[in-house]
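Good morning, colleagues. Please look at the sequence and the structure on the screen before we go through some of the details together.

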Amino acid sequence: ENYGNHKFDLNFESELNLPANQTLPYINLEYHVKPKHLIYTDWRRLHRDGLQQALSQPFSLKIDGQTYQFQAGASLETRLDVDIVRVGYGYRFYHSSAFDAYFLAGFHITKLGLGFAGEIAIEASEQPPYANESVFSAVTAPLPNVGLEVSHQLTDRLSLKSHAHAFYLKVNDITGWMAELEIGAKYRLIDQLKLTGSFSYYQIGVDYQTEHTELDVVYRFWGPMLKLSYAF
């Protein structure tokens, strides 16, 4: 972010007071087509709101073609909404009595919404400086990805399962990338009901640079995950 010729990294947790820890809803569906083929989809949601009574330093943002300025000491409400849908296909290229390994290919659809309300100035506007204003913008971006899923059956009831996804693309002035890793253990409670505990890490970044504009956004979240699954 920048204000005048000054550039700095804007941290939404420390600068804008968004919560750093929050529980996320998560839904995952898998359909096995014969022994070697897998179709999967999942959805996760992270919506956060924060109130900063007094900004520590000024900054400006360009949203939907309009530049907004935020003054040091101003009161600001911030809303950051992230919804991620993953859809893909898996092919089992290795199988034994204890191991299964799948090659995964698909895409993530990431919907990002960003909003501000409070003492905001609009560049080239006739409004009074730093009047009470609100602005919200949303963008949806599909990103293709490839990955690997591995499972290891330890006992009749207990297995280990992990998957990793990655993607990197550079087109003209835009660079986009994504990385996801999940490692966990699955326990069969009854024949069709299973409980999984895992650790999940997700990170996505966009870098846009031209002669007059530089935008570098990195968004990441990680933490433990608990899932209850039922097989039909």
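With which residue does Asp-191 form a salt bridge? The partner is Arg-188, and the closest N and O atoms are 3.2 Å apart. A salt bridge here is a side-chain nitrogen of Lys or Arg within 4 Å of a carboxyl oxygen of Asp or Glu.

A word on the source: this is a predicted model, in which local features need pLDDT of at least 70, side-chain atom pairs count only at pLDDT 80 or more, and totals for chains, interfaces and linings use all residues. Residues are numbered from 1 along each chain as its sequence is written, and side-chain values use heavy atoms, with hydrogens and water left out.

Let us stay with Arg-188. Its side chain also meets that of Asp-156 in a salt bridge, at 2.5 Å from N to O. Asp-156 lies in the loop between strand 9 and strand 10, and Arg-188 in strand 11, so this pair ties together parts that are 32 residues apart in sequence. Strands are DSSP runs (E, at least two residues), numbered from the N terminus. Arg-188 counts as buried, at 14% relative accessibility, whereas Asp-191 is exposed at 65% and Asp-156 is exposed at 59%. Buried means under 20% relative accessible area and exposed means over 50%, with a 1.4 Å probe and protein chains only.

The whole structure holds nine salt bridges. In another of them, Arg-86 pairs with Asp-42, the closest N and O atoms being 2.6 Å apart. Arg-86 is in strand 7 and Asp-42 in strand 4, 44 residues apart. Both residues are buried: Arg-86 has 5% relative accessibility, and Asp-42 has 3%.

I turn now to the surface. A nonpolar patch there has about 1100 Å² of accessible area together, and its members include Tyr-31, Phe-93 and Leu-148. Such a patch joins nonpolar side chains (Val, Leu, Ile, Met, Phe, Trp, Tyr) within 5 Å, from residues with over 30% relative accessible area and no salt bridge. Accessible areas come from the Shrake-Rupley method with a 1.4 Å probe, and for residues only the protein chains shown count as cover. Strand 7 contributes the most, with four residues. Tyr-31 belongs to strand 3 and is exposed, at 55% relative accessible area.

To review, Arg-188 forms salt bridges with Asp-191 and with Asp-156, while Arg-86 forms one with Asp-42. Thank you for your attention.

Terms used
Patch = residues over 30% accessible without salt bridge, like charges linked within 9 Å, V, L, I, M, F, W, Y side chains within 5 Å.
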